[in-house]
Amino acid sequence: MTEQKLFAQAEETPWIELGPGNTRRVLIHTPELMQVEFGFEKGAVGALHSHPHIQVSYVAEGSFEVTIAGVTQVVGKGGSFIVPSGLEHGVVALEAGRLVDVFTPHRADFL
């Protein structure tokens, strides 16, 4: 059995530039679960997309226009949203902000 990482410090993981105004870093993961932090500059877009993973997101900073399956709401600091498997979703940063996302199972494409 491989040893499972139980702790992670923010400075251990570098930010990856995804596109204009978007960054990402994987914080910690197991095969079943993954925690990822996304950074957005004001006006940056997380384009509409879908994936088979279940996703729950926490707005750590800022506010976002969040669209899930064609329904749009503004979610501010301290708010959360959940994306069931396969639903199209995306965000627009209404101000600079950060999202902390949890995926199950982990996103192999992020590793």
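1. β4 gives the largest share of the lining of the largest pocket, four residues. Strands here are DSSP runs (E, at least two residues), numbered from the N terminus. A pocket is an open set of points on a 1 Å grid over the protein atoms alone, where a 1.4 Å probe fits, with protein on both sides within 12 Å along at least five of seven lines; lining residues have an atom within 4 Å of a point.

2. This is a predicted model: local features need pLDDT of at least 70, side-chain atom pairs count only at pLDDT 80 or more, and totals for chains, interfaces and linings use all residues. Residues are numbered from 1 along each chain as its sequence is written, and side-chain values use heavy atoms, with hydrogens and water left out.

3. The largest pocket has a volume of about 320 Å³, the space filled by probe spheres set on the points, which are joined across faces, edges and corners. It is lined by 20 residues, and F38, F40, G46, A47 and H49 are the closest to its centre. Two or more lining residues come from each of β2, β3 (34-40), β4 (45-49), β9 (89-93) and β10 (97-104).

4. Six strands form an open sheet in the order β1-β2-β3-β10-β5-β8, with antiparallel pairing. Two strands pair if DSSP finds at least two bridges between them. β1 (16-19) and β8 (80-83) stand at the edges with a single partner strand each, so one side of each has no neighbour in the sheet.

5. β1 pairs with β2 (residues 22-29) in the antiparallel sense, over three bridges. T23 in β2 is the bridge partner of E17.
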